[in-house]
2 protein chains.
Amino acid sequence: MRLSRYFLPVLKETPAEAQIVSHRLMLRAGMIKQSSAGIYSWLPLGYKVLRNIEQIVHEEQQRAGHVPVLMPTLQSADLWRESGRYEDYGEEMLRIQDRHGRDMLYGPTNEEMITDIFRSYVNSYKDLPLTLYQIQWKFRDERRPRFGVMRGREFLMKDGYNFDLTKEDAMHAYNRHLVSYLRTYERMGLQAIPMRADSGPIGGDDTHEFLVLAETGESEVFYDSQITDLKFGDREIDYDSVEQCQAVLEEFTSRYARTDETHDEAVFNEVPEERRRSARGIEVGQIFYFGTKYSEAMGATVINDKQEQIPVHMGSHGIGVSRLLGAIIEASHDDKGIIWPEGVTPFHCGIVNLKQGDEEADAACDSLYQQLTNAGLDPLYDDRKERAGAKFATMDLIGLPWRITVGPRGLKNGVVELTCRKTGESEEMAPEAAVAKVVEIYKSL
Amino acid sequence: MRLSRYFLPVLKETPAEAQIVSHRLMLRAGMIKQSSAGIYSWLPLGYKVLRNIEQIVHEEQQRAGHVPVLMPTLQSADLWRESGRYEDYGEEMLRIQDRHGRDMLYGPTNEEMITDIFRSYVNSYKDLPLTLYQIQWKFRDERRPRFGVMRGREFLMKDGYNFDLTKEDAMHAYNRHLVSYLRTYERMGLQAIPMRADSGPIGGDDTHEFLVLAETGESEVFYDSQITDLKFGDREIDYDSVEQCQAVLEEFTSRYARTDETHDEAVFNEVPEERRRSARGIEVGQIFYFGTKYSEAMGATVINDKQEQIPVHMGSHGIGVSRLLGAIIEASHDDKGIIWPEGVTPFHCGIVNLKQGDEEADAACDSLYQQLTNAGLDPLYDDRKERAGAKFATMDLIGLPWRITVGPRGLKNGVVELTCRKTGESEEMAPEAAVAKVVEIYKSL
């Protein structure tokens, strides 16, 4: 993309309403614009990162064998009356009447609707196991929306639901989700720690929250410092293997790690003192096993191999897709701006032309742009007639991991400058070498 | 995908509520499930086609230089009070109050919100031209939703908005949209004819609707039969060229083609009688130029090169993404089921194993599956223990363009059968030849 043809409305001033750094940076980098309290438009740069995150979530869900669907944002209240949650849910549920006076709501979650889909079609244990998921907009009418996309009212979430014959099968689905979530967050450059949590209005006994450590997190968390050394990495895993998934769960959840809701001082004190940590965390996902809560209430049953009709065991599993942008920025920025992890960056590489209009510099930039594009990368070329300082400030603010700087002086010596956003280190090299290095970095992801 | 791991709830009976063939087939093929009147869940097969259509729309929009954003589904009523449309819009607008009693609405279209985004950031003619678009869910509270996704209440639409300094520039944006729409529909296997139309509640003078001819269309249309011979094909076009875009517009709109709203019998009668046609059509898109209607009402102005503050010229341009599934099926089916055009098919090729459990047949199917996948294609392998007849019926119903049938008898002679869904013709050939042929077909798209 050439910046002259893009829409990147960066702000010079820091918006007064933003209390936390991710919100400030998303506004300043022209990623989002508030349209009402807790409701945002995604401007081109923000939309691009949102789509990248969505794509990673899709890929990892499908790798785990989960099947994508898409449910509508508006639901009939009748489904929620069946489960008993219509009255229970409280003021966070946005209730709506249509022109015929029928009670509807903007879905805050979808246990009822997916259970209705399941019971409409599936009757036999032979069709199990089954995990359906979607990435769709939700609405929760927060009393006090804040922190930008971190606690918005209209937000994008991946919600997945497993249907299994037995509790054991459902626990495998639970473990499989835990494994796939570890992979998902790591691909985004995040360390998200699974912590024992409270089930809240979803219900159920088994639940883990995934938390990213950050000073601005809304939850207080307590953990054994050994847990931050764990990495899923690029290990191969067979998602059908009960043993393999169980082993990963054990590895990542056997050490103490809890939110304040489930924190137990006595148990925590068994951790050696030098490893005890308390910090703040941002919740970026949660997995639940809740058994037959919804399947019994709503009659989602299958016939087993003994011809008995039994309610299916279910769980639900969420990733806060839009909130992840905030979490990633909270975890990865400096005082100049955002530092995107390579896995989610909106553009792979910036190109800064120090002397727009100079024939040689323009030609070199065009050539770099073409080479990067041909290699399947998506560069952002700042081709505006602006001072170098303004161009650098924009690139630093929007946080592309790599930048190639092109100027007449360097070109005389046959070099351009390749700069790493994270370390700030620059290296002079031939244009082709810079392209080769950037291509190599993204290939290795 | 292996069918045993997929969720494809095909129905044997024809649902009573469906009045038109696309609705019937989408229900029978397990693509959608109604959740409330005019509101649907997209089951895996339907979701996959929806995503394919979305992808084509994105690619063609971006090829034309348009920049993607994403606006929220819920909007503040205040914006619509500025344009005067809040009161005008009538009962199709779903009005909502949030917990604090603020008036909101579920966006039926987004002229106000995009104009608000524009005026918040853009002040200078130097930042023009600009076209922003999104693909987002909309809601129109139809009094009598019907025909499945063709006239639903919650529906997915691409809506794009151009901002230009002059009427001439805005007309170029109009023409550019017309060209990109022709490409878009052709890639989906559709012939959509631009017809002079009425502007309705959007306002404006210049507008064309794109109509797909089909018996079940809701509009009566009148046209010169020469128009159905036009094809955009794979011609190269420079979207920045005013002349090239203008020439395409003239080629595709100079012959008589109007909906009943703008039909003029006297003008129609000037077409030679043997070329006069009346038929029914499905509206799948519309482009508008409406000048300064919204920019004046909402103060979206820029400073021009004479330092004058002037309102921008705008247009809006829509493609009915979810409705396109219905339109494509209306245009492409037979009495056995859907016939997907290759550009949008949910899976590229079906694999039918005539004797599941037979060692040789299973191995041959696995190998075909792997070869197709390695070539970047997405096959659907029916690996269920079902009779051949049931497998064929499912494949015909869900409409994959190509099917490879594998049985022990053929394998003895070293052949499988490649069948074209559209013609019904089958050919015996070596498995590798079948793969090569299917790969070649999709490469040539």
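Reader: How many salt bridges does the structure hold over all chains?

Author: This is a predicted model, in which local features need pLDDT of at least 70, side-chain atom pairs count only at pLDDT 80 or more, and totals for chains, interfaces and linings use all residues; side-chain values use heavy atoms, without hydrogens and water. Residues are numbered from 1 along each chain as its sequence is written, while chains are lettered from A and ligands numbered from 1 in the order in which they are written. A salt bridge here is a side-chain nitrogen of Lys or Arg within 4 Å of a carboxyl oxygen of Asp or Glu. By that rule, the total over all chains is 61.

Reader: How many residues apart are A:Asp141 and A:Arg153?

Author: Their side chains meet in a salt bridge, at 2.7 Å from N to O. Both A:Asp141 and A:Arg153 sit in the loop between strand E7 (130-139) and strand E8 (154-164) of chain A, where helices (H or I, at least four residues) and strands (E, at least two) are DSSP runs numbered from the N terminus. The pair links distant parts of the chain, and the separation is twelve residues.

Reader: How many salt bridges does the rule find across the interface of chain A and chain B?

Author: One salt bridge to look up joins the side chains of B:Lys33 and A:Asp116, 3.1 Å from N to O. Across the interface of chain A and chain B, the count is eight.

Reader: What area is buried between chain A and chain B?

Author: Contact means heavy atoms within 4.5 Å, and 58 residues of chain A touch 58 residues of chain B in this way. Buried area is the accessible area (1.4 Å probe) that two parts lose on being put together, summed over both. Carbon and sulfur atoms give 59% of the area between these chains, which is about 4900 Å².

Reader: At what angle do the axes of helix H2 of chain A and helix H2 of chain B cross?

Author: Two packed helices are described by the distance between their axes and the angle between them. Axes are lines fitted to C-alpha atoms, for helices over the stretch in contact, with angles from 0 to 180 degrees between N-to-C directions. Helix H2 spans residues 44-63 in chain A and in chain B; the two axes come within 16 Å and cross at roughly 145°.

Reader: Which residue in E6(A) stands opposite A:Leu94?

Author: E5(A) runs antiparallel to strand E6 (residues 103-106) of chain A, and four bridges join them. Opposite A:Leu94 stands A:Tyr106.

Reader: Which residue is the bridge partner of B:Ile404 in E22(B)?

Author: Strand E21 (residues 402-406) and strand E22 (residues 416-420) of chain B run antiparallel, joined by four bridges. Both belong to an open, mixed sheet with the order E20-E19-E21-E22-E23 in chain B. In E22(B), the partner of B:Ile404 is B:Leu418.

Reader: What is omega for the cis peptide bond that joins A:Leu128 and A:Pro129?

Author: Most peptide bonds are trans. A:Pro129 lies in the loop between helix H5 (111-121) and E7 of chain A. The bond from A:Leu128 to A:Pro129 is cis, with omega of about -5°.

Reader: What is the phi of A:Phe147?

Author: Most residues other than glycine have a negative phi. A:Phe147, in the loop between E7 and E8 of chain A, has a positive value, near 60°.

Methods:
Pairing = 2+ DSSP bridges.
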